[in-house]
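I set out these notebook entries to record what I looked up in one structure. Each entry takes up a separate topic.

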Amino acid sequence: MPPSQPQILNPDEDGIAYAADLLKDGAMVAIPTETVYGLAADATNAEAVAEIYKAKGRPSVNPLIVHVADLAAAEHLAFFGPEARDLAGAFWPGPLTLVLPKVVAAGVVPEVSAGLSTLAVRIPAHPVAHAILRAVGRPIAAPSANLSGQVSPTTAAHVAAGLGRKVAAILDAGPTDVGVESTILTVDDGRVSVLRDGGIPREAIAAMTGPLASDTMPAKVTAPGQMTSHYAPNAQLDINSPLQDTDAVQIGFGAGPEVDFSLSRDGNLVEAAARLFAVLHAADALARETGRARISVAKIPEKGLGRAINDRLRRAAAPRPDPL
Ligand code: TXA
Ligand code: MG
């Protein structure tokens with residue numbers, strides 16, 4: 001009988017070499033990054049990329065991020081203008097993704113970018129992700145390692161619970177540090193726009209680039225994956241809640257009354273981002289165990305990492321599409 005759980009690998013030399021071999025052979029491996037776990041596959045292998053969409057149940061119009069080890073590899077895949085180069089210099093390796101014009105002949109299969117003329121590229125800061133990218137020596141496509149529309153994984157256990165045997169192996173390097181996905185930026189005519197708030201706060205980007213185009217005018221480009229309902233637990237989520245609904249599982253932030261879970265008792269947004277998805281997973285499990293239909297989350301300030309947290313919470317609370 002085949003095992004019901006994927007193989008769990010240690011983040012040591014052997015585990016990394018084994019994961020790299022699986023990836024080179026076209027298999028999918030869940031790997032840690034500093035943001036969330038990614039469902040990795042060889043971005044130059046059309047079958048491996050197709051498996052990612054299939055395993056996640058991801059619409060084929062929602063493009064993937066390509067991960068590389070260094071700027072030279074990134075510049076091989078996409079065209080960098082001066083602003084993109086400055087952003088890369090300031091924030092890579094790290095939780096930043098740049099959507100840039102794609103170099104067509106670079107070998108990344110068109111399905112990775114869902115046929116768009118742009119490519120999303122990122123150099124992750126996690127040492128294990130970095131070691132794998134070096135060992136594979138090819139661009140790696142990696143969306144978050146969850147089923148499409150569900151809560152992103154910040155631990156190997158989250159990945160196993162969501163994807164199970166759809167993934168050949170999971171490289172378990174413990175909980176991820178940042179806890180929310182990368183900030184996605186695009187550069188158009190020298191102007192920088194935010195397509196998704198994430199691990200690098202917009203304030204840090206604007207401090208370098210000046211006012212962001214996305215804060216002053218409607219964006220011309222969008223991230224197709226930013227569909228309204230996403231990150232959804234099974235229970236219904238109420239956000240910006242005064243936490244007075246005692247029938248709901250309660251998630252607090254900052255000082256306050258007794259709650260089931262707190263994102264950060266000190267009101268620290270970095271800690272809250274790191275804990276967000278694990279708390280949502282745990283709150284959903286508690287709701288299921290105790291037969292509660294709702295999860296209430298306290299109001300989170302809309303600044304720094306609070307923007308990425310609120311973005312994920314708004315989409316987790318959004319009306320769900322009808323099941324197909
Ligand atoms: O932190 C992260 O970014 C994680 C880790 C694993 O690296 N990855 C991640 O991937 O969050 P995913 O697939 O869950 O989200 C990728 C987002 C999607 O919303 C997609 O629409 C957008 O990136 N995207 C990818 N390529 C794009 C493109 N060419 N133009 C606009 N948006 C793009
Ligand atoms: Mg995702």
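**Entry 1: a loop residue, and conventions**

I located Asn10 in the loop between strand 1 (7-9) and helix 1. I took helices (H or I, at least four residues) and strands (E, at least two) as DSSP runs, numbered from the N terminus. The model is predicted, so I note that local features need pLDDT of at least 70 and side-chain atom pairs count only at pLDDT 80 or more, while totals for chains, interfaces and linings use all residues. Residues are numbered from 1 along each chain as its sequence is written, chains are lettered from A and ligands numbered from 1 in the order in which they are written, and side-chain values use heavy atoms, with hydrogens and water left out.

I then looked up the surroundings of Asn10. Leaving aside residues up to four places away in sequence, Asn10 touches Gly15, Ile16 and Leu171, where contact means heavy atoms within 4.5 Å. I also checked Asn10 against Ala48, which lies 38 residues apart from Asn10 along the chain; their C-alpha atoms are separated by 23 Å.

**Entry 2: helix 1 and helix 5**

I found that the axes of helix 1 (residues 13-24) and helix 5 (residues 127-136) come within 9 Å and cross at roughly 50 degrees. Helix 1 is therefore oblique to helix 5. Axes here are lines fitted to C-alpha atoms, for helices over the stretch in contact, and angles run from 0 to 180 degrees between N-to-C directions. Angles under 35 degrees count as roughly parallel, over 145 as roughly antiparallel, 65 to 115 as roughly perpendicular and the rest as oblique.

The crossing of helix 1 past helix 5 is right-handed; the term applies if the near helix is turned clockwise from the far one by less than a right angle, and left-handed if anticlockwise. On the helix 1 side I listed Ile16, Ala19, Ala20, Leu23 and Lys24, which meet Val128, Ala131, Ile132, Ala135 and Val136 in helix 5. By class, this contact has 9 nonpolar residues, no polar ones and 1 charged. I counted Ala, Val, Leu, Ile, Met, Phe, Trp, Tyr, Cys and Pro as nonpolar, Asp, Glu, Lys and Arg as charged, and the others, Gly among them, as polar.

**Entry 3: helix 4 and helix 7**

For helix 4 (residues 82-91) and helix 7 (residues 202-209), I noted axes that come within 11 Å and cross at roughly 125 degrees. That angle makes helix 4 oblique to helix 7. The crossing is right-handed. Asp86, Leu87, Ala90 and Phe91 of helix 4 make the contact with Ala204, Ile205, Met208 and Thr209 of helix 7. I recorded 6 nonpolar, 1 polar and 1 charged residues in this contact.

**Entry 4: helix 9 and helix 10**

Helix 9 (residues 269-290) and helix 10 (residues 306-317) have axes 9 Å apart and pack at an angle of about 20 degrees. Helix 9 is therefore roughly parallel to helix 10. Their crossing is left-handed. I listed Leu269, Ala272, Ala273, Leu276, Phe277 and Leu280 of helix 9 as making the contact with Gly306, Ile309, Arg312 and Leu313 of helix 10. These residues divide into 8 nonpolar, 1 polar and 1 charged.

**Entry 5: backbone**

Most residues other than glycine have a negative phi, and most peptide bonds are trans. I noted that Ala114 has a positive phi of about 50 degrees although it is not a glycine. Ala114 sits in the loop between strand 5 and strand 6. I also found a cis peptide bond joining Trp92 and Pro93, with omega about -10 degrees. Pro93 belongs to the loop between helix 4 and strand 5 (96-101).

**Entry 6: the cavity**

How many cavities of 30 Å³ or more does a search of the whole structure find? I recorded 1 cavity. On a 1 Å grid over the protein atoms alone, a cavity is a set of points where a 1.4 Å probe fits but cannot get out, and lining residues have an atom within 4 Å of a point. The largest cavity holds about 30 Å³ of space, a volume being the space filled by probe spheres set on the points, which are joined across faces, edges and corners. Its lining consists of Ile31, Thr33, His67, Pro124, Ala129, Leu133, Ile140 and Ala142. I classed this lining as 6 nonpolar, 2 polar and no charged residues.

Key
1 Å grid on protein atoms, 1.4 Å probe; cavity = no way out; pocket = protein on both sides within 12 Å on 5 of 7 lines; lining within 4 Å.
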